[in-house]
Amino acid sequence: MNPHMNTPADTLSGDVRLLVFLHPGRTSIHYIAALARAAHRLGVLAATIDLGPVWASMNGPEGPLAQRQWTEQLAALCRRERITHALGYVHNGSLEWRTARCPASGAPRALLPSLGIHHLMLWTDHPNWATRGSALEPAPSRLLSDDYHTHFVKSPLAADELASLTGWKNVHHLDMAEDRDLIAPPSTIDPDCDAVLIASDISAPPAELTPLLDALDPDPEEIMALLVPRARAAWRALAEQAPSPASLSALFEALVHARLARPLLGWWRLTPALDAAHADSLAWLRGEPRRWYAAIAALAPLTSWRRSFWPAWLARRVSLGVFGSAAEPLGIASPTGGGWVPHDAQHAVYARGRCAITINAAHDEEALTHKAFQIAAAGVPCIHHASLGIDRCFDPGSEISLFSRGPELLELVRRAADDNLANHARRALDRLCSEHTWDHRLARMLALAATPARSAASADAPGAVQSAA
């Protein structure tokens, strides 16, 4: 354990009894498992449920019967263990069971809220694409708007956007973190490359940008302008569904102009200034969450290029170790990493570089992904593409280095062995241990969750076990 580690145990109520839903997966399961270990350390873990067998039986030949049996077993477990809170990834553990009926209105209600249990949901995958966007369907979305559901997404922008679009009552931002068990900078690994990049989705830069890979200082505004036709083509398909395709096309041009002028602002933050001139089109997009998110997906080419272009540009100038996927799309002659990097091996892979690079995907606007925290845990200097919100967790210029243009990136990588950047890494590690473990995040989640009026320990919990088909 790092000597600077601390645990926010005094922020938790002794009355909290937490049920954690574990699910199959390669990445997100580690976040939930780390939160379960944090709950154990903080003395609030009451039980865990492995959702793999639950899903398998519900999808089997006796699905309806299995659903009824699992619903009854879960309700019994919650009463027996006096569960007050549950935690799961996205909406896992909320929609699988038979719904209950609200005694007052007769309206459907998810099982756990009907038992007086507050359900915490970690949406590191945004609801627009997590589990194929199923949470945004009208019926599930109504269930997820319950007072006893609390949703956590990666940035204040995403929280404001999601709450406004869905009407879900309790939506908060929650920065990512790292598992205390994985905060262990390797001391026996000597760097064998200038910089390391771990990504499972490496792709070639857009063909329009190939000539710019040789430029000394590619202009991001010029790059975005080159990719406008791609975004416009995707937007055209959306505009054909609108009441006024011409008006929606005009909104597209206004959004592009706004993004070129303020490249770091997320799309949701750019739109208020356009309300007066494009009120009808914006109202149409915001009126249905899936329409809004389809519009954001159409605009993605204007920002997604960074994730492939900057590594490809950098790989022509320094030794870049690419792990998690093949490196050929970046123009590197042979793969330096290859396949998937296991979760508990990430810190050792990052230690192979004198620094590590991370660039957000287009949908992670104004947010930090898990990678910034993994790099800090490895004790390696982190070079992050400039993005709003980073200073919530790390101090730019003191704990983390930011770039927005090629020469800045190249200079930072070449300085990675300097004592200055090594000091950045040490300060980032200290900050991580003192503020950014999953123990700290769990304490925040429980503090932000509304205190349930009654728990499953109460025999007369609201709406208790009146299961409905």
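**Close-up views of a predicted model**

**View 1. Glu365 and Arg259 meet through their side chains in a salt bridge (3.0 Å, N to O).** A salt bridge here is a side-chain nitrogen of Lys or Arg within 4 Å of a carboxyl oxygen of Asp or Glu. Glu365 lies in the loop between strand 11 (356–358) and helix 15 (370–377), and Arg259 in helix 8, so the pair ties together parts that are 106 residues apart in sequence. Helices (H or I, at least four residues) and strands (E, at least two) are DSSP runs, numbered from the N terminus. Glu365 counts as buried at 12% relative accessibility. Arg259 is buried too, at 3%. Buried means under 20% relative accessible area, exposed over 50%, and partly exposed in between (1.4 Å probe, protein chains only).

This is a predicted model: local features need pLDDT of at least 70, side-chain atom pairs count only at pLDDT 80 or more, and totals for chains, interfaces and linings use all residues. Residues are numbered from 1 along each chain as its sequence is written, and side-chain values use heavy atoms, leaving out hydrogens and water.

**View 2. Glu253 and Arg232 form a salt bridge (3.0 Å, N to O) between their side chains.** The pair links distant parts of the chain, 21 residues apart: Glu253 sits in helix 8 (residues 245–261) and Arg232 in helix 7. Glu253 is partly exposed, at 36% relative accessibility. Arg232 is also partly exposed, with a relative accessible area of 30%.

**View 3. A salt bridge joins the side chains of Glu208 and Arg230 (2.8 Å, N to O).** Glu208 belongs to the loop between strand 9 (195–198) and helix 7 (220–239), while Arg230 is in helix 7, 22 residues apart. Glu208 is partly exposed, at 31% relative accessible area. For Arg230, also partly exposed, the value is 39%.

**View 4. Salt bridges link Arg37, Arg41, Asp179, Arg180, Asp181 and Asp439 in a network.** A search of the whole structure finds 26 salt bridges. Side chains of opposite charge can pair when their charged atoms come close.

**View 5. Six strands form an open sheet with parallel pairing, in the order 2-1-3-6-7-8.** Strand 2 (45–50) and strand 8 (171–173) stand at the edges with a single partner strand each, so one side of each has no neighbour in the sheet. The twist averages 20 degrees from one strand to the next. Two strands pair if DSSP finds at least two bridges between them. Strand 7 (residues 149–153) runs parallel to strand 8, joined by 3 bridges. Here His151 stands opposite Val171 in strand 8.

**View 6. Helix 1 (residues 28–42) lies across strand 1 (18–22), strand 2, strand 3 (85–89) and strand 6 (118–122).** Helix 1 runs at about 155 degrees to strand 1. Helix 18 (residues 438–448) packs on the sheet as well, touching strand 1, strand 3, strand 6, strand 7 and strand 8. The direction of helix 18 makes about 135 degrees with that of strand 6. Contact means heavy atoms within 4.5 Å. Axes are lines fitted to C-alpha atoms, for helices over the stretch in contact, and angles run from 0 to 180 degrees between N-to-C directions.

**Setting of the views. The protein chain has 18 helices and 13 strands.** Buried residues make up 56% of its 469 residues. Among contacts between residues at least 6 apart in sequence, 75% join residues at least 24 apart.
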